[in-house]
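Q: Can we go through the charged side chains in this one? Start wherever you like.

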Amino acid sequence: LQEPAALRARLLEDGRIRGLVMGHVHQAFDGTLDGCRCLATPATAAPFLAGAETFALDDGPPGFRWLDLHPDGRLETGVEFATLDEDNPLSSASSSL
């Protein structure tokens, strides 16, 4: 990110912004920055090991994040991970704002 201060200012100033969605971090993330919800999607291939001091791959499955944007400004989201269970190919976690 070349201009983090400009992005942060925009997130704080524009009341229409309900969240920031980012990718390419290879891990699911759901947190806030100055009250703005920040979401990252997990890896769709090889996930990185969370908290590792040096590069390492996680043995966990690939996944993706889904979003439901509602007219009233609510944002619902969840993360789905692939499994090897043929009867239930996805496992999920979800939340809303």
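A: Arg-8 and Asp-34 form a salt bridge at 2.5 Å, N to O (a side-chain nitrogen of Lys or Arg within 4 Å of a carboxyl oxygen of Asp or Glu). This is a predicted model, where local features need pLDDT of at least 70, side-chain atom pairs count only at pLDDT 80 or more, and totals for chains, interfaces and linings use all residues. Residues are numbered from 1 along each chain as its sequence is written, and side-chain values use heavy atoms, leaving out hydrogens and water.

Q: Where do Arg-8 and Asp-34 sit in the chain?
A: Arg-8 is in helix H1 (residues 4-13) and Asp-34 is in the loop between S2 and S3, 26 residues apart. Helices (H or I, at least four residues) and strands (E, at least two) are DSSP runs, numbered from the N terminus.

Q: How many salt bridges does the structure hold?
A: Six. Among them, Asp-30 pairs with Arg-37, with the closest N and O atoms 2.6 Å apart.

Q: Is Arg-37 buried or exposed?
A: Arg-37 is buried, at 6% relative accessible area, while Asp-30 is partly exposed at 40%. Buried is under 20%, exposed over 50%, partly exposed in between, with a 1.4 Å probe and protein chains only.

Q: Which backbone oxygen does the Arg-65 side chain reach?
A: That of Phe-29, at 3.1 Å.

Notes
Polar contact = N/O pair within 3.5 Å; in protein donor to acceptor, adjacent residues only side chain to side chain.
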